[in-house]
Amino acid sequence: MVPKKNGDWRPCGDYGGLNNVTIPARYPIPHLQDASASLNGAHNFSKIYLLHAYHQIPVEVSNVCKMVITTPFGLFEFKGMPFGLRNVAQTFQRFMDEVTGGLEFCYVYIDDMLIASKSSSNHMDHLRQLFN
C-alpha cells in the first residue's frame, strides 16, 4: 500500500515478473509536439483529466489472478487495469483514440485531454460533441 497526497492509500503491485513475460504492445503514444502544430488559431481550451482512467478498462477474467497483490488487509484483485503493467499506457491510449476518433479538436495524451477551439461558441459545441 502506498500513501496518496490526500492521506488515502493506493494498492500497488510489483509486476516486474509479469512484465518480463508480457509481449510489448506496438501502439504509439503521441508526442506533445504533434498536437502543438495543429493548435494554431485556437483561443479556447479545456483540459480534462480522466481520474482512475486505467481502472475503467476491465481486465480479462482469466487474467485477474495474475495481478493479485498482498496488502495488510488481505489479498486484493484488480478487476480494472492496474497501474504498473507493461502495456497499460498503450492500451488506454488506443481506447481513447477510438472514443475520440473523428473529433479533430480533441487531443488525447493517455489520461489527459485537450479540447482546442477557435471561438467560444465552437468550444461549447466541441465540448457537447465530446460528452455526447
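# Loops, rings and turns in a predicted model

Visitor: At 65% relative accessibility, does Pro58 count as buried or exposed?
Guide: This is a predicted model, and the relative accessibility of Pro58 in it is 65%.

Visitor: Where is Pro58 found?
Guide: Pro58 touches Lys79 and Gly80, leaving aside neighbours within four places in sequence. Its C-alpha lies 21 Å from that of Phe131, which is 73 residues away in sequence. As for its own place, Pro58 sits in the loop between β3 and β4.

Visitor: How far apart in space are Gln56 and Lys79, C-alpha to C-alpha?
Guide: Gln56 is found in the loop between β3 and β4. It is exposed, with a relative accessible area of 56%. Along the sequence Gln56 and Lys79 are 23 residues apart. In space, C-alpha to C-alpha, their separation is 9.0 Å.

Visitor: In what order do the elements of the protein chain run from the N terminus on?
Guide: The chain has four helices and seven strands. Read from the N terminus, they follow the order β-β-α-α-β-β-β-α-β-β-α.

Visitor: What radius of gyration does the protein chain have?
Guide: The C-alpha trace spans about 55 × 35 × 25 Å along its principal axes. A compact globule of 132 residues would have a radius of gyration near 14 Å. The radius of gyration of this chain is instead 18 Å.

Visitor: What percentage of the 132 residues of the protein chain count as buried?
Guide: The chain exposes about 9,000 Å², and carbon and sulfur atoms supply 56% of that area. A residue counts as buried when its relative accessible area is under 20%. Of the 132 residues, the share that counts as buried is 32%.

Visitor: How far apart do the centres of the positive and negative side chains lie?
Guide: There are 11 positive and 11 negative side chains in the protein chain. The distance between the centres of these two sets is 3 Å.

Visitor: How many aromatic pairs does a search of the whole structure find?
Guide: The search covers the whole structure. Rings count as a pair if their centres lie within 6.5 Å. The number of aromatic pairs found is four.

Visitor: What kind of aromatic pair do Tyr54 and Phe83 form?
Guide: The ring centres of Tyr54 and Phe83 are 6.1 Å apart, with 10° between the planes. The pair links distant parts of the chain, 29 residues apart: Tyr54 lies in the loop between β3 (44-49) and β4 (69-71), and Phe83 in the loop between β5 (74-76) and α3 (88-99). Tyr54 is buried at 13% relative accessible area, whereas Phe83 is exposed at 64%. Planes under 30 degrees apart put a pair in one class, so with 10° this pair is stacked.

Visitor: What kind of aromatic pair do Phe92 and Phe95 form?
Guide: Both residues lie in helix α3, three residues apart, about one turn of the helix. Phe92 is buried at 3% relative accessibility, while Phe95 is partly exposed at 37%. Their ring centres are 6.0 Å apart, with 45° between the planes.

Visitor: What is the phi of Ile110?
Guide: Most residues other than glycine have a negative phi. Ile110 is not a glycine, yet its phi is positive. Ile110 lies in the loop between β6 (106-109) and β7 (112-117) and is buried, with a relative accessible area of 11%. The phi of Ile110 is about 55°.

Visitor: Where is the place of His52?
Guide: His52 has a positive phi of about 55° although it is not a glycine. At 43% relative accessibility, His52 counts as partly exposed. His52 belongs to the loop between β3 and β4.

Visitor: Leaving aside its neighbours within four places in sequence, which residues is Leu18 in contact with?
Guide: Leu18 lies in helix α1 (residues 16-20) and is partly exposed at 25% relative accessibility. Its C-alpha is 7.7 Å from that of Lys66, which is 48 residues away along the chain. With neighbours within four places left aside, the contacts of Leu18 are Lys66, Met67 and Leu85.

Technical notes
Residues numbered from 1 in each chain as written. Predicted model: local features only at pLDDT ≥ 70, side-chain atom pairs only at ≥ 80, totals over all residues. Heavy atoms only, no water. Helix = DSSP H or I, 4+ residues; strand = E, 2+ residues; numbered from the N terminus. Rg over C-alpha atoms; globule rule 2.2 N^0.38 Å. Buried < 20%, exposed > 50% of the residue type's maximum accessible area, 1.4 Å probe, protein only. Areas by Shrake-Rupley, 256 points an atom, 1.4 Å probe, with all protein chains shown as cover. Lys, Arg positive; Asp, Glu negative; His and termini not counted. Charge placed at Lys NZ, Arg CZ, Asp CG, Glu CD. Phe/Tyr/Trp six-rings, centres within 6.5 Å; stacked < 30°, edge-to-face > 60°. Contact = heavy atoms within 4.5 Å.
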